[in-house]
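The following exercises concern a single protein model.

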Amino acid sequence: MTTTHPKASDNSATRTTLWALVAVSGVANVVTSVAQAPLVVNLTTGLVTLAALTALGTRHLRARRNST
């Protein structure tokens with residue numbers, strides 16, 4: 001059984017932006033945790049990270065479904 005996956009060369013601006021957002025918000029989340037920032041700030045950075053990761057996962061699954 002052969003499985004096809006999306007091309008690794010699919011470097012769209014949206015994908016790059018989402019990965020950058022994951023990196024920045026992830027670091028911001030760690031910094032706010034260590035600095036004991038207010039809970040609202042920590043939750044906001046965590047939710048932004050979660051939203052970006054969800055968008056990346058959704059894009060991957062849709063691309064995989066459409067390639068078969």
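**Exercise 1.** Determine whether Gly-46 is buried, partly exposed or exposed, and state where Gly-46 is found.

*Solution.* Step 1: Gly-46 has a relative accessible area of 23%. Step 2: the classes are buried (under 20% relative accessible area), exposed (over 50%) and partly exposed in between, with a 1.4 Å probe and protein chains only. Step 3: Gly-46 is therefore partly exposed. Step 4: Gly-46 is found in helix 2, where a helix is a DSSP run of H or I with at least four residues, a strand is a run of E with at least two, and numbering starts from the N terminus. Step 5: Gly-46 and Thr-32 lie 14 residues apart in sequence, and their C-alpha atoms are 9.9 Å apart in space.

The model is predicted, so that local features need pLDDT of at least 70 and side-chain atom pairs count only at pLDDT 80 or more, while totals for chains, interfaces and linings use all residues. Residues are numbered from 1 along each chain as its sequence is written, and side-chain values use heavy atoms, with hydrogens and water left out.

**Exercise 2.** Identify the buried residues of helix 1 and explain why they are on the same side of helix 1.

*Solution.* Step 1: the buried residues of helix 1 are Leu-18, Val-22, Ser-25 and Thr-32. Step 2: because they cover an arc of only 110° around the axis, they are on the same side of helix 1; the arc is that of the directions from the helix axis to the C-beta atoms. Step 3: on the other side of helix 1, the exposed residues are Ala-13, Val-24, Val-27, Val-30 and Val-34. Step 4: the cover over the buried residues of helix 1 includes helix 2. Step 5: in turn, the buried residues of helix 2, namely Thr-45, Thr-49, Ala-52 and Leu-56, pack against helix 1.

**Exercise 3.** Describe the surroundings of Thr-49 and of Thr-32.

*Solution.* Step 1: Thr-49 belongs to helix 2 (residues 39-66) and is buried, at a relative accessible area of 13%. Step 2: apart from neighbours within four places in sequence, Thr-49 is in contact (heavy atoms within 4.5 Å) with Val-22, Ser-25 and Gly-26. Step 3: the side chains of Thr-49 and Ser-25 form a polar contact of 2.7 Å. Such a contact is a pair of N or O atoms within 3.5 Å; within protein, one must be able to donate a hydrogen and the other to accept it, and residues adjacent in sequence count only if both atoms are side-chain atoms. Step 4: Thr-32 lies in helix 1 (residues 13-34) and is buried, with 11% relative accessibility. Step 5: with neighbours within four places in sequence left aside, Thr-32 is in contact with Ala-37, Val-41, Asn-42 and Thr-45. Step 6: a polar contact of 3.4 Å connects the side chains of Thr-32 and Asn-42.

**Exercise 4.** Locate Gln-36 and describe its phi angle.

*Solution.* Step 1: Gln-36 is in the loop between helix 1 and helix 2. Step 2: its phi is positive, at about 55°, although Gln-36 is not a glycine. Step 3: Gln-36 has a relative accessible area of 70% and is therefore exposed.

**Exercise 5.** State what percentage of the residues in the protein is buried.

*Solution.* Step 1: the protein has 68 residues, of which 12% are buried. Step 2: among contacts between residues at least 6 apart in sequence, 68% join residues at least 24 apart.
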